[in-house]
Amino acid sequence: MKSQAQTGHIFRFTLKKEWLKLLLWLTGCAFYVIMGVVAFVEVYGDPLERQSMAVAMQNPAMEALFGRAIGIDNYTIGAMYSHTMTILGFVLFAVMSILLVVRNTRSEEEDGILEMIQALPTGRLAHTTSAILLLLLTNGLLAIISTVLLIVLGDGSMGTEGAILTGIVYGMSGIVFGSVTLVTAQLSSNARGAMMMAFGVLGASYMLRIVGDSGIELLSWLSPLGLLYGSEPFVNNYWFPVWISIGLSLLLITIALWLKHQRDMGAGLLPDRAGKRHATALLKTPMGFVLKLVKTPLVVWAIAMLLLGVSYGSVIGDVEGLLEGNEVIEQIIAADPDLSMVDQFMAMILGVLAMAATIPSIQVLLRLRGEEKKNRLEKIIAGSHSRLVIFGSFIVVSVVVVVLFQLLQSFAFGGSAVFMDYDVLLREIIVAAMAYIPAILVMIGVASVLIGWLPKLTSLIWLYVGFAFVVLYFGGLFDMPDFINGLSPFYHVPEMPIEEWSWTVTTVLSLLSLVLMAVGYAGFRRRDID
Amino acid sequence: MTKLIEIKALEKSFGKTIALKNVSFEVNSGEIVGFIGPNGAGKSTTIRILLGLIRADAGTATIFGKDVWKESVDIHKRVAYVPGDVNLWPNLTGGQVIDLFLSMHGIKVDKQRKENLMKRFEFDPTKKCRAYSKGNRQKVALIAAFSADADLYIFDEPTSGLDPLQERVFQDCTREVLAKGASVLLSSHILSEVEQLCDKVAIIRQGEIVESGSLSDLRHLTRTQITFQTQEEIKGIEEQPYVHDLIREKEAIVFQLDADHLNEFLTFIQPYTVLKFESAPPKLEDLFMRHYETVKGGD
């Protein structure tokens, strides 16, 4: 096969340049598995406690978050792990694979590196095939590591078959979305587009699953996430989702290779639009310039958040009806009249939405660092704008993004809840979302400190975001100590509507964020521009 | 002489943009051909078709008699390529990348020659690629190319980031591979470079080859700059059809003469007692400018 000439050579080289990144990713994934198993084994040793958890999990709002409740009749630790850890794990592994594939295919093509490689006696498909091998290797390792961890750390309810199946569906979620990315890398002529399309597919699969898991079950099976979730390891150990996803991946990989073989270097199948001839007046201001840089991703994020808000909001409407028929839950609520299950779900979902809004606002700020790395920042700084104006513009845009996105999401979420006739005040939900803004600003503050003082380690902010997310999502479930939870700014935000609005928290977090931003600027002002 | 590169009636469009309308030229073995033309004329498109990176819509292109798209792997074993804009993996050193390229080339690497080239180009191979300037990244590709014993070297504006001294090193290296019997296709904007190195040129404009042939042949097609002075005042010279861009300086007259009308011109000025006569041979630049000007005129 001439089109595969020197694939092995390129693959060995790819390993050489990728091993550290993959090691870090796999360590993160392993940590995710360890965290889940250990926490459940430690915290939920008591079957009665598990059973009451099972009851709490059995409603559309929780199913929207974690996935369709499985193994409820006998909610073992295995079932609990499978139910709560799977969907989020899939998303994590899919993100890893999407980034991996884009980095090793379209990014190198866009940078012109592929041109040099393909001018050597290497096959036309060698570079892409090497990326495919890397995708398979990484997810293969992920599957093996997860399986071993589950067997070693799991309790009696986590059998070998279930552990192997869990490992394999983890790997398959990476492979399926990696294969999707292989195709989008052929469709779009640039890395950013390829990545956004792949994340779009992931987001659509996630929302399809939410709607499917909370009612129209067929939709869940159409989503790769829902399909793989349907393997129900430790509960039923169904293998057919594995076979289907293998078939799907093979199909996608074949399509990608065929497209790659046919098309021109540097070309995408989707047309590029012609740009504007002149810069508008807005673009010439620093703020307008920043806005223009981040416009497209923000629009995509806005649409995604709108849909996420609506998906969660429309689901929460069903809860009440379901609660009326469920004696156990009625008893729980009756036992503690101050505590409404529904309000609790709402508070949790508002927290999740706030975390989601954190990502784009931090991306806006990190774009400052991205521009610097591409040596474009020096052109702006060498111009007439002071560093304060540049730094400030990115901060302001990022803060505006937070406020707008929080409004947009809470409106979408609350609006659809009201539309579904759930007894809730839209105003209350919006206020609850506003309460999260100071916490998000603290995250932005931490990011600006990194940019100002530790520019090379800026990506560490994502670890912090990940940590805050774990605290928020699993904090209650895992029973983590307060001092660890307290490291996340989100932990301090009052969970409205269960808790009261707190001016103290709002003021303290806001002041903290201002101090962090100022410290970040102090560093940025005096350091060298890369 | 065998034809190393043979391009016939190549066409290529990208969407609505027509990049190549009708491109035909050839490079014989042992020859160095300069490929020149304004930005966006289709030079890089042609080279990318030759390298099998993109596929022509119509026409044929062969290297060593093999189809450039179907048999690219075999062709590339004997070809070395240097693009104008070299991008490399930021976290590898220049030395690592050179070795990688050479190992993928499959040609036996002459270590001594590689070291020698690094010295001549004053290149530090121990730095990470992200720290290299444009010129240094280009040196990575040049050193890798010249270290390989290729039969054909394809250069796409290879010296666009180099300083004048390094440019000289490039020219020397090119002469050395030519002396060994290799052939070169050199796309360049630096006309003095093409003029010094190349036996033949092909000029491309708006996707079409507008001139091609040996430099000495092409000089007949162009104009010679004439500076002359006569004792008596000369009249009616402006009206002659072979006279262009005439300027009357203090004593002398300077103008561009259509090279194939030299004799008519000499007959015309003879009666006026010529005091001074200088003729500058046409430069490639003049040849080139004529085509640039028509582009501007076309707008």
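In this predicted model, the side chains of Lys21(B) and Glu208(B) meet in a salt bridge, with 3.8 Å from N to O. Lys21(B) lies in strand S2 (residues 17-28) of chain B and Glu208(B) in strand S10 (residues 208-214) of chain B, so the pair ties together parts that are 187 residues apart in sequence. Side chains of opposite charge can pair when their charged atoms come close.

**Salt bridges in chain B**

- Lys21(B) is partly exposed, its relative accessible area being 40%, and Glu208(B) likewise counts as partly exposed, at 32% relative accessibility.
- Lys200(B) forms a salt bridge with Glu31(B), and the closest N and O atoms of this pair are 3.4 Å apart.
- This pair links distant parts of the chain, since Lys200(B) belongs to strand S9 (residues 200-205) of chain B while Glu31(B) sits in the loop between S2 and strand S3 (32-36) of chain B, 169 residues apart.
- Lys200(B) is buried, with a relative accessible area of 18%, and Glu31(B) also counts as buried, at 9% relative accessibility; both fall in this class because buried means under 20% relative accessible area.

**Salt bridges in chain A**

- The side chains of Glu371(A) and Arg367(A) meet in a salt bridge, at 3.2 Å from N to O.
- Glu371(A) and Arg367(A) are four residues apart in helix H15 of chain A, which means that about one helical turn separates them.
- Glu371(A) is buried, and Arg367(A) is buried as well.
- Arg68(A), Arg209(A), Asp213(A) and Glu232(A) are linked with one another in a network of salt bridges.

- The core draws at least three residues from each of two domains of chain A, namely domain 1 (19-265) and domain 2 (282-530).
- In helix H18 (residues 426-434) of chain A, the residues Ile429(A), Ile430(A), Ala432(A) and Ala433(A) are buried.
- When one looks down the axis of H18(A), its buried residues fall within an arc of 155°, so they line one face of the helix.

**A nonpolar patch on the surface**

- Ile34(A), Val38(A), Ile144(A), Val148(A), Ile151(A), Val152(A) and Leu153(A) form a nonpolar patch on the surface, and together they have about 560 Å² of accessible area.
- Helix H1 (7-43) and helix H7 (126-153) of chain A each supply at least two residues of the nonpolar patch, and the largest share, five residues, comes from H7(A).
- Leu153(A), which is found in helix H7 of chain A, is partly exposed, with a relative accessible area of 33%.

**Domains of chain B**

- Chain B is divided into domain 1 (3-214) and domain 2 (223-281).
- The centres of domain 1 of chain B and domain 2 of chain B, taken over C-alpha atoms, are separated by 42 Å.

How values were computed:
Residues numbered from 1 in each chain as written. Chains lettered and ligands numbered in written order. Predicted model: local features only at pLDDT ≥ 70, side-chain atom pairs only at ≥ 80, totals over all residues. Heavy atoms only, no water. Domains from an automatic or database assignment. Patch = residues over 30% accessible without salt bridge, like charges linked within 9 Å, V, L, I, M, F, W, Y side chains within 5 Å. Areas by Shrake-Rupley, 256 points an atom, 1.4 Å probe, with all protein chains shown as cover. Salt bridge = Lys/Arg side-chain N within 4 Å of Asp/Glu carboxyl O. Buried < 20%, exposed > 50% of the residue type's maximum accessible area, 1.4 Å probe, protein only. Arc of directions from axis to C-beta.
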